[in-house]
Each structure stands twice: as C-alpha cells, then as structure tokens.
Amino acid sequence: MTSNFTMHTAQWGDADRALTVDGAQRAAEVAVRDGKVTAPAGAPGKGPVPPGTTVLVGRDAGADALTALAVGDPVTLEYRPRAASGEVPRTAIGANELLVVDGEPVDHEGGGNNTAAPRTAVGFSRDGSTMRILTVDGRQADSGGVTLTELALMMRRAGAHNAINLDGGGSSTLVAREPGSDTVQVENSPSDGTERTVPNGLALTAPDGSGELKGYRVETAMDPGAAPTADPVRGGHPERVFPGLTRRLTAAGHDETYGPAEGAPRWYAGNPLVGRVGTDGVFTARRSGDTDVTARRGNARGTLRLTVLDDLDRIRPSTRRVGLADAETTGRFGILGFDAHGTSAPVEPADVELDYDRSLFTIAPDTEGGFTVRARGAEPAAGRVTATVAGRSTVVAVTVGLAARGIAPFDDAGRWTFTAARATGSVAATADGHTGTGLDLAYDFTRSTATRAAYALPPAPIPVDGQPQSFGLWIKGDGNGAWPTLHLKDSAGSDQLLRGPYVTWTGWRHVEFAVPAGVAYPLRVHRFYLAETAATRSYTGRIVIDDLTAKVPPAVELPGEPVHRDPLVGSAARTQGRDWRFAVVSDAQFVARSPDSPVVAQARRTLREIRAARPDFVVINGDLVDEGSPEDLAFARTVLEDELGGELPWFYVPGNHEVMGGRIDNFVAEFGPAQRTFDHEGTRFITIDTSSLGLRGGGFAQIKELRAQLDAAAADPRVGSVMVVQHVPPRDPTPQKGSQLGDRKEAALLESWLSAFRRSTGKGAAFVGSHVGTFHAERVDGVPYLVNGNSGKTPSTPVDEGGFTGWSLVGVDRVSRAEQAVARHAPWTGGPDWVTVQTRAHVDGLTLDAPASLPVEAEAPVTATVRQGQGTGAREVPARFPMSTDWSGSPNVYVGDPGRAGPWHVAAYDPSTGRLTGLRPGLAVLVVTVNGTRAESRVTVAASSGHGHGRERGYGYGYGREHEHRRASAA
C-alpha cells in the first residue's frame, strides 16, 4: 500500500496535488500536523501547504485508507527510496520522455510536447561507462530551442545508446566549476533570464584534491560570453587583438582534480614577433599572426592561443545610446574594433581614451570588458562620450531620465480609417477604452492563406518630439495570436516597424514597443496594424487599443556614423576585369492578375538589361512574385522566358513570397528543387531555401547538404571558391533588423561555417542575399556579403543608404592554388581577392554637378545623381556607394588621390571624398558612368589667385571666389 501515497510539505508550493494521482479511480487527501489528522479526507486540492503541516494524497487503495481516518487519529510517517526492481540506485532524477532506446532515436512527431523549447537530456554509452549531458537554450532571440525529436537525434550523434529527457523549459540550467575555481557558475542562458528554483537536479562531484599545483587554466580576463561582439549571438572574441593594442590574461592554478591551487606563473609568448606578454599577464600585440601564450611554473603550465588581426581600421560602440532611467541606475557600453576585412575584436578598456563631461557622469571599466556609466547628479541630463582607440573615434550618447509623453489618447478614434491586405475589417470609436474612448479594430483573416494585415490609420501622421526609446500601448486582446505592429516613419522617410508580442491574451495588457538603435529622429506614427503570417491560421477577431505613449529621454544629437565603403562593390571596369560574371535579380513582387503593372514592366526591363550584359547565368534570388499561387509562378516563368530567351541560363532561389498564400510544393512543381548545388568555372554554388524565413524551415537536409558541400569543396582541387545564395540574409543592415534570419544561431552557424572555410582552406567564400529592400555590401571575418536590392518593389531605405532599384553583376575570378596557399598561411589579410560586384541601378536620368571653373590649388565638391522614374514620384539617388559608379575623364584628369597625380594632370577627382582639385591651368573633362549611362562636365582650371592653403606635394586646398557650377545631364 505504501506505493499508493504521496507526501506534500510547504516546499511543494501551490501546485495542484491532483496531478500526482492523475488516472486513479479513487483519490483522497488528509492533512497531518503534530502526528494527528487535522481534517477529514477530501478530494486532492491545490494551494500552499501551511508550514508544519503534511498533506497525504492517496490513490485507489491508498485513498480508501485515508478516507477511513478520522480527525485526531494518530498518523506515523516513514519514507525511504525503493526501486521497482533490484537495488536502490545511488542517484535518481525525475524524467519523462525517452529519447534514445537501444541506439535508436525516438520519433516524437505529433506528440504534445514536441515543440521547440529549452531542453536538458542525459544519456549513456552502450557499455554504460560514459554519461553524456546536454543542455540546449531556447525561447530566446538567439536560440529557439529544439524539439524532442531533434534532441533525440542530437543525443544519438553525441554517442548515447540510451537517453532520456529531463525537466526542460525555464528549468534547463547547466552549472559547472571551472578549473582552478571552488565555486560553480551558470554556463548556459536560462530562458527565465536567471536560475529557477527546481525540485531536483543531477550533480556530479569530484573529490577534494591535494591542493598541489598541477596546471593552469589560461583565459582572457574579458569573459567571451559577455564581451562586445559583432556576431549574431552573444559572445565576443577576446582571443583576437589588433596590432599595437593589448589583451589582459589570467591564469588560474589547479590541482589534479581541477580544484584551486596556489602559485604565480611566469608568462611566455610562443612567437615574440607577433606579441609579447608582461609579468602582469598583459599581452601586447605587435604584428599579425597567431601565437600561443603560456603560463608556467615548474612542471605546471597552461596555454591559450591568441590571434593578432590586421591593422585596426575602425571602431564602434556596442550601443550608440546608453539610457539611464534615473540617477540611481547604471548602464554600460563596450568598444569593438574592426580591421579592413570585417574581422572584429573587443577593445580592452585600457586601450580606450574617453572624453566626456565628468560633471554629468562617471564612467569606469567593468569586469566584462566594457565600461559602466553612472549619473553624478539629478536627472534629466544628457551628454556625449567620445571614445578614441589608436586614432579612431566613435561617439556614444548618454541620457539620464525618461519622461512619459502622451502621443495618442484616441479621443479622435472616430476619424481613424481602416485599410487591409488580403483581409477585411473596420475601425470605430468605442467607449470601452482603457481610459475613456478607445479604438476598436475588427478584422477577418479568413479570406486568404497569404500574409494578411488589418491597418488602423490616424487622420494624419502623428509627430513625436524628442528621441523616444520606446512606445507603450494598451491593448485589449482577443486571444487569437495576431501580431501587433506600431508602424513609424523616421526623418529619412524609412519605415520603422516596431513589433509587439503576439496577442494571445484576453483583456487589457500594456505592451512596450522598443525603438531600434540607429533610427533617424524625429519619428512619426504612421499606423498600427495586426498581421497573420501563418498560412494554416484562419480566424476573425476584434481588439481595442488606447493610450499610446512614448518614453523620451533628454535630447542629445549624435554625429552620423561614417559609411564604410566595402570594396566588394566596384566599378564596371573592375567587374568586367574578372574572369567571368553572373547576374542577381530579386524582389520585383508582381502578380499574374496584373500582367501589365508597373512592377511587371520594371521586372522585364531589369531582365532585358541583364541579357544585354551577357553574364554566364542569372540567379533569381527570391520574391520575383508577390504571391505563390500556381498562376503567379507560371506567369513568372513566362516573364523569364520572354525576356531571357533560351540562351541565358537561370536559377530560381525561392523567397518568402514564393510561398505567400501557397506552398513550396507549388514552386517545386514549376521550377524544380528549392535547394540545389552546382559548379561553374571553379566556384561551387550552394543555394538555400529560406522561404520560411529560416534555414530549418527548408528542412534539416539542406543544412546537412551545406555542411557536406563545404567539406567536399575544401577537399576538391577543382573548386577554388564557394558562393552561398539564399533570399534571407544572416544580417539586416537597417536599424530594424527585421529582414534577417530570425533564428540568430542559424545566422551565426552560417557565418562561422563560411569564415572557417575561407580561413582553413585559403579558398574564396562569399554570400549573396536579398529580402531587405536595399543594396548593401560588407565583410564578416573576411567573407564578403552582398545584399541585393529590389528590382521592382519600392526600396525600404533612404536613397543615400542603398534605397534604389536595380540588379547586381558579380565578377568572379578563379582562385589559383598559389593564391589559396597565400590566403591559408596568412588568413588575417582577408584573401583571396576573387569577387567584385557592380550594383547596376536603373537609370532614367543622370546628372553631373561640377564647377565650370576652378582655381589652381583649390578644390570643390562634385556630385552625380541618378533619377529613377518620372515626374513628381521620381527618386533622386546620389551616385555613390553602394551604387557602382565609374569615374573617368580626359587624359589630363587624374581619378584618385590628388597627391598621386602626374605633372601632366590638370585636375584630380577623388571619388572617396567627392572633391575635385585644380592642379595646373587647362581644360579638363570629368565623366561619370552609371549602368552604361554617361554624363560629363567641362572644367576650366585657372591660375591660382594665391589664396589657397598649403598642402603636401605643393598642392593647395585654397578657396577663392564662390564658384559657378555647371550641370550636365544624360537621359
């Protein structure tokens, strides 16, 4: 009968005790205090158990025994562990689902607990001699977790012959004692944000050691998990350092059981040409390369490998704004450095010089490799902090205090209007607001399986003063799970979409919408909307919104971040000079029901331009269509065949709109596999299906294929480079970060695989993405990444930040074995140099603005502007990065640094500065070409008036009279 009871004390909490007898035919409980029954038997309940009281819960025969007890009856409690069979185990822990049974992973598909979540599992090898413990983070921005089926596969791959799932979710916590320490620390990232109190756990302990020094654990003093980083996930790279900068190291002595042991080490650098380490453990980098740093005392030693990168090119803060809610709170920032190849490393606080108003703040180095900021006085306060490292500077804004400002009380709700995308609904004023009148938003999301949205628009855009850090809105939810978005416009006219949590609740809830860093203030409220993106979800509903507010700190202006012009984007001449070329087009977003729409016309124009450029082939990198019905996809084929003919090969990579309102099966039926691999002229192309906005959505098979193809390419002497092409990029360069791989660990995985491939093989690696609605180029750890802009749909960014339409022509070189060897032996140089992209903007007009005359030793700005479209709706786009622009001129015009001009040059134009310099008297012709369209301007360089400022090489920056400008244009 003893197995038919459970015993509950105050430590049980308020959980439902009936769960312990689930499935019993009869159940009862009694309360016992001081050895006697205090109340007659009743049904198992819930709620806290009073201290000093024990509640006995019985099932079946046990329930019968409890029911027979009367108030005051004596009760004696005894308990001990026992096994169902055999001996009592030395260690036991609660668990549930089996993951691996006799070497076979268990398939949990269709089970109720098979959603992606944080997980913990334990397993044993076939002979029982090895135990494997695995903890997977989840429910976080950089980790969605895994399903039970995925966990089972992971445990089997880890070598478990039998494995079981332990308590997961917020309970998944892994703590460990690091060598040389006598305390444990949390090693994973619990989904609750901190450790949760749980009833059981599995602890592995080691016996006390001798305390005699046997070795050192050598680490950077800066914790990699908290260091400033440019990676998609938390965790920086303090194992990297820039020439001339430092890295602090620590050495924890340990004994034979890795317990703490005393003994100060001596430090040695394996390659003193790369860097040296002082007696205090501070490594000073000298030149690029790798070196082992060793801590040693007698026979005890420990080693850490450090990499010295290429020279420091630029720095940026981990955050551009530090907002302190009040004078009592603290904030922090760190400084991150980059070399010219996009490889990053955190900068030690000791290498950073800070300039700020010390009457407003105190800023001190912290233990995580950054700086802690505290206010000195009362709020509000605001100021700028200039950080300088080896002559490179960046600026951080610090504010103290947040003022809540009312933005929209919805007293005018009756004047708001309704629009929708693939949905119907309405808006109306309602007295059922949170504090008076609110806005009632009704919607019907049953009319399509494509993405649906219901929009509520104010009578006019609502201006928001200051620089708000977040917005708050009261939402009376309906529990349907629609996705709320506060749609803003910034000062550049760009859309800023502030996403809230899915409306899974009913009743009123206050929702915060965080403003992303880097937006261009001031902001305007454009609209509010609900959306549903899942094709399988269909429902109608109604919510009420009220009291839109903003949290606004004191205003402080930040200088614009300098644009890093990545050399991936090059001129037509540079691209044509490569061995061969392919074209990339994406994001037209047309539909079959409007075959003569402007978007279709623009797509056809783009394809004709591509055909005229004669690339080897074309990659259609997603979202050529707006919806993924069979009719839309068939129309896409018609457009492609009409404009490209049968001569130019093309490969279609699906985007999210290829499955909008449909399935990937429709795409496969029309265009073939959603993922494919092919080789061309020594480059291996691996296309990935991200139509679900992630990698796993296209199936684990394509992730395995990517890994297998990278390994095969590394070993294949016929392959000199790899190019990964997918619609959704790992990074969105805009402040919103809303058009990138949603699972940040997927993004980190992709980037790490490509950088490791380049570094270990010396072969080229590159990435081509789209989806963001802008043209952009950058390097990550030496790997060039292209984001191809829209070919038809309106761009999503300002015109001077890649917001133009067009396509890309990619020039590719074969990478020789000699080039591979050089890059492999010196990976910090960023080699090989094998790819250039000409971003070819649509040109409906080209204007060159240059001075008609210019004195010798004077300079003046020169600008070129591309017109896209006609009439009042035309875009005027500066012809500069990331738009490919070719500058040339008459033989007496030098294009480049004026200091390098020859004695025959009359003038020099430097595209990097946009300045034209007069060198000696004469007539010069300056020419600009964009996507085959040419404009020129004649400039007369006159004798100097003598008012110029001196300059190296005898050239001056003199400013004479105000110059007349001549505008030359080409249609």
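A crossing of helices is left-handed if the near helix is turned anticlockwise from the far one by less than a right angle, and right-handed if clockwise. The model is predicted: local features need pLDDT of at least 70, side-chain atom pairs count only at pLDDT 80 or more, and totals for chains, interfaces and linings use all residues. Numbering starts from 1 along each chain as its sequence is written, and side-chain values use heavy atoms, without hydrogens and water.

**View 1. Helices α5 and α6 cross right-handed.** Helix α5 spans residues 630-644 and helix α6 residues 664-671 (helices are DSSP runs of H or I, at least four residues; strands are runs of E, at least two; both are numbered from the N terminus). Their axes come within 9 Å and cross at roughly 35° (axes are lines fitted to C-alpha atoms, for helices over the stretch in contact; angles run from 0 to 180 degrees between N-to-C directions). P630, L633, A634, A636, R637 and L640 of α5 meet N666, F667, E670 and F671 of α6 (contact: heavy atoms within 4.5 Å).

**View 2. The peptide bond from G831 to P832 is cis.** Omega is near 0°. P832 sits in the loop between α9 (817-825) and β52 (835-841).

**View 3. F881 and P882 are joined by a cis peptide bond.** Here omega is about 10°. The loop between β57 (875-878) and β58 (886-889) holds P882.

**View 4. F410 has a positive phi without being a glycine.** The value is about 65°. F410 lies in the loop between β30 (403-408) and β31 (417-421). At 2% relative accessibility, F410 is buried (under 20% relative accessible area; 1.4 Å probe, protein chains only).

Methods
Buried means under 20% relative accessible area, exposed over 50%, partly exposed in between (1.4 Å probe, protein chains only).
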